[in-house]
Structures are given as C-alpha cells and as structure tokens.
Amino acid sequence: MSKAQTKKSSATAVDITAVEEALASINAGKSVRCDLDNGGRIHIDRALPFLCVYVSDGRDGDAALDITSANASYLIAPDLDFAVAAVQAIAGAMTKRFTAFVVLDVGELAQDRLLSDDAPYLLPFEITLSGTDQPETHAALDGFASAVGSIEAKFRSPRLDRRRAADDPHARLAARLDGFACVTVRFAPIYRVPGSENTYPDLRERVVANIFDAGLQAIAAFLKAAGIFNLPTHRALGRRAFVDAVERADRCIDEIAATFDFLLAVTPINADAAWQDFKANGFQRPPKFLYRPLTVQVNVEKKKLFSIAFDRFEDPVLFNLYREKQQELDLQLSMLFARETPRFMEFSRALYGRVEPSLLNAAKDILAKTVGPGGEIAGGGRAGSVDCYVIEQAARTMIEMYRRQYSGFEATVELRDDLPAGLLVSGGRLLISRSTIMTRRRLTALLSHEIGVHLLTYFNGSAQGLRLFRTGLAGYEGVQEGLAVLAEYLVGGMTTERLRLIAARVVACAAMLEGASFQEIFHALVRDYGFSEISAFNVTLRLYRGGGLAKDAIYLRGLQEVLKHLANGGALDPFWMGKIAASHFGVMQELNSRGLLKAPEIRPVFLLHPQAQKRLEKARSGLLPVDMIASS
C-alpha cells in the first residue's frame, strides 16, 4: 500500500470513528452536526429512519449538495468508499431502532441532454430514478414520481426515466449497501448556463425546492409502506433545529429592522396644526406636514441588509422567508430615503400593491349600502365618548389580563402629543394620541384590535425560536389588520361608521394611486360619501403621509382574506403564533409539524367574549364585510 493510500485509509478510519461517535450522540437524544476531516459532513438532528447522501467526488457547487443538506438527516461524502462505510454504520444502527431504513442518494447527471429537438423552447429535462428491490422502495419510487409529475413547470418540465437499480449505472452506492433500501436520483443540471460557469439563480432555487420536496415525499411513502410512521405531512420529516447561519441572519435582520420605526417615521407630528391650516384656507391648498428626523442611515443599513448570507441555511423554507423579508426591508428603507418626494408613492405601491378592481368594487358596495336617506351615514349615533385617559386606563387593564396568561407580555402604554388622533402599536408599545376621543362602544373593539392582535402576535412571536416572527414575515400586515378588524366584530364593536371608514380608505387609496390630489380626495369624501370634514381630513392625511402611503387598502383586503380563510374551514390558531401573511399559513403549519415553532403562549381574550363564538360561526358559514354590522 502506498503512503497516499495509507494516509487515506487512516483518515477514513478516523472519520468512521467520528460517525460512530455521532451515532452515540443520537442514541443519547442529542443532535449531531459534524464536519469530517475528509471534507465531508454528517448532520442528523434527531434519530430518523432515513439518510440523504451526496457523494461529491471532487465537485463543487452542485444543486444536489443543497438538496441533500436541506434534509434533517444527511451525509456529505467525499468519495464512494467512505459513503458506503458511513451509510452502513448509520443504516445498521437506525434499522435496529426503526426496523426499516431507506437511503436517498442524490446527484447530478454529467450534462443536460436535449430530450427533444422539435420544441423551440422549454425543452423537457432528464431525471433518472431507480430503487433497490423491496416493496417499500417501490412505494418510495411511486411517491417521488407522483411528486415530480405534479410540479408546475415555469421554465422546463421534468421527464422521468425510471429504472431498476441493477440497470442504473448511477446506482453505485445502492449496489454496495448489502440489502439496505436505497433510492437513487439523478437530474440534469439545467440551472447551469450552457458554455459558461454561470447559473440561473431562480431556476436553481426551483430545482432545489422541487427535488427536495419530491425526495421527502418518497421517504414518507417508504415509511408509510413500512408501517413505521403515521405522518400528518411529509414535511414533518424536515428539520427540527436551526443551523447557526439561520440564527445569525435572524439577529442581523432583527437589528436592522430595529434601527427604524417605519410608521412613526412617516406619520406627521403636526396633525392638529395641519388641520387648522387646511381649514383656514378653505380646504383649497394641501397642508404642510412635518416629520420626525430620521434616526436611520439608509445606505448603511442597506449595505448591512445585503451582506447577510442566506446560502448556508440548508433549509429552502427558511431561505425563502428571510429573502422575502430582506426585500421588504429594502423597500421600506427606500421609502424612508424617498420620504416627501414623488418616489415615495411608487415604492409604496411596490410594497403594498395596487387596489385591485374587486377590492375597489367591494369598498364602493359597502359605502353604497350604508348610506341612509339624504346621504347621511346610517347608524352614526354616539352613546357617549371617552378621552385618551380613559383609553389609557382600559388599555392597562387589558394588558394586565394578558400578562396574567403570560409573564412575558411586557407591553407598555404611552400617551403622545406627536401623533394624529388614534392608537398605534410600535413593537411592544401601545401609543395613544392625547387628541383621541372615541365612542365608548368602540373602546373594547379598538383595544382588541391593537392589544388582542398586534401586541399579542408581537409577544407570541418573541417567544418563538426566531425573532423574525415578532418583526413580522414579509407581507404580514394585511392579515394582521384583517384579524384585528375581525376582533372588533367578535366583541360586537363593528359599527357602520367603522366599516365605512375602512371602505373609504380603499376608495381614497385607489384615487391617490391614480393621481388625485389631497384636496380632491378630501372633497370627494365629504361630497360623495357623506363624511364629516374632520373625518375626511384624517382619512386623507393617513393616505398622503410620507408622500403617499398605500397601506390603508390592506384593512379591507386583509379582512376579506381572513373571512375567506374561515369560510374554507381554516383555523385561526396558527395566526396567533406570530406576525404572518396569509400566504405563509402553510409554511407555519409545516414549521409547526417539524417542531420548529411553539404553540402560542397567549390566546386572544376577545375569543372569550359571550358572543364571540356565535359570531365566529357566522363568519365560518360565509360572511361579507357588510354583513358584519347587521350580525353584530
């Protein structure tokens, strides 16, 4: 034996010892992540009856490596000999524990063959699939094939070549595993730009996500056929521990988000003076708004934001969540930089979206159905008013109710002179403008909105393993406001006046985005929809703060999303875990099934209202926003 062979044999022996030590840790209930001397890695975050394997053979940058390392149990091996020895040790130990075990061998084909020359674009690409000869493995192959067949092709469709392991030249690992079940997957590297070292990043991410998911479905089918696990979803086989790269990125994202308070930064500090000025000039000239000086250096924070590395997450789901948040923070920082300029509104449109025709029609329908004879607002009577001091005391009482549920509910209340009339949540603080006066009937409803949803999800999100869930996943505000408006309805506080206000914000936002001026929108609200001058001013101020903020359309849009979710049989509990968007509901369920999320520490007090469950059942049976008044 040569010196090189002796050295390699010695290194392999050391690494196999490391594998055995890893197995001892797993048996002791510990997770394992071990970089091996030979350049390989073993990662097993809990005892599982499968192992995903990638044999690098000196290659670097393969998507197959990312697919493999996205799994909760994987091995990166530098060569086939080490892979065989390590897999046999792991498979032997896990088979004793689970009675069955499957290996998923993932790799790439040498090149992207053109499978058809008669199609001008979107040529199909090759995936080869084979398995050892066990009944459970045949089930795994069926599961993989079914998953691949259901992939919606945006760029190119996969064409599956299914073989017996004995007939698959790529199944070298399977051939040496002495009876252990093995599924071998090879796919064409379609994400590589032909004739260069470059890649198509978006296509690469899709390949990783789709084949990773298909692999999990294959493993789940194997385990079901073997009678080992009864899984609620194949995604339950995913990771239950964050790698350090995720926690580092999470801290960085949270620190950047904490450098500015977006809503405070774009909210005028001279609302009362602006109203008096606008009124004095006969409502003909738009008011001048004053803002707090920015406390954030936009260029510095953007540089930090885009220096955060997501490429070592080893988890496609978390990768997408953080990349979405990065893009959202980028837009918010761009808006702050463009504050009080025409560009602010364009960035706002990019962040919150346009007012879609169906939403605008729904808003106009609400306004049309809630106008009484002579254009007066129906149901607008007041049964006594309360000022900011009454609101403050009621808020502290409600916060104490939540603190009794969970000691970590450390919300504070501040009375402010630099805010327009109303309430605002900033992080863990409830800010109340001293100029706020409201009807007593609306008090519990508004506090349920601000404390029972916005503060509750902040502190529940803080209790999760990642700060992102308190900062808020990208696009979370729509559903947050929808849930908050639902809370108002559940406690019987959805008045005609309130619903008209929410609808008017949509109509006014659409007009603003179409180019209407401040005074044009103000006069339309008074003339066409019967709003008082001060109410119309407050609606228009909210829209034009910062230079044109399209946020206010999300209240009605979010309410529609929540009502649709309930009508389709959806549960509310996942929404209490943190600040999430409707599009993240499935993601939250997956992360919860993987054990990465905790159950909510606190549940909304408004759900205990005597009529809340009755009203919730009405919402589940199908309810339009305009019906929430009559049903309250």
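Modeller: Buried means under 20% relative accessible area, exposed over 50%, and partly exposed in between (1.4 Å probe, protein chains only). The model is predicted, so local features need pLDDT of at least 70 and side-chain atom pairs pLDDT 80 or more, while totals for chains, interfaces and linings use all residues. Residues are numbered from 1 along each chain as its sequence is written, and side-chain values use heavy atoms, without hydrogens and water.

Colleague: Is C34 buried, exposed or partly exposed?

Modeller: Its relative accessible area is 23%. That lies between the 20% and 50% cut-offs. C34 is therefore partly exposed.

Colleague: And C388, buried or exposed?

Modeller: The relative accessible area of C388 is 2%. Under 20% is the rule, so C388 is buried.

Colleague: How many disulfides are there?

Modeller: A disulfide needs two cysteine sulfur atoms within 2.5 Å. The count by this rule is zero.

Colleague: How far from C34 is the nearest cysteine sulfur?

Modeller: C34 is in no disulfide. The nearest cysteine sulfur belongs to C52, and the distance is 18 Å.

Colleague: Which residues line the second largest cavity?

Modeller: Its volume is about 30 Å³. The lining is R239, A241, F242, V243, V246, F313, D315 and L318.

Conventions. 1 Å grid on protein atoms, 1.4 Å probe; cavity = no way out; pocket = protein on both sides within 12 Å on 5 of 7 lines; lining within 4 Å. Points joined across faces, edges and corners; volume = space filled by probe spheres on them.
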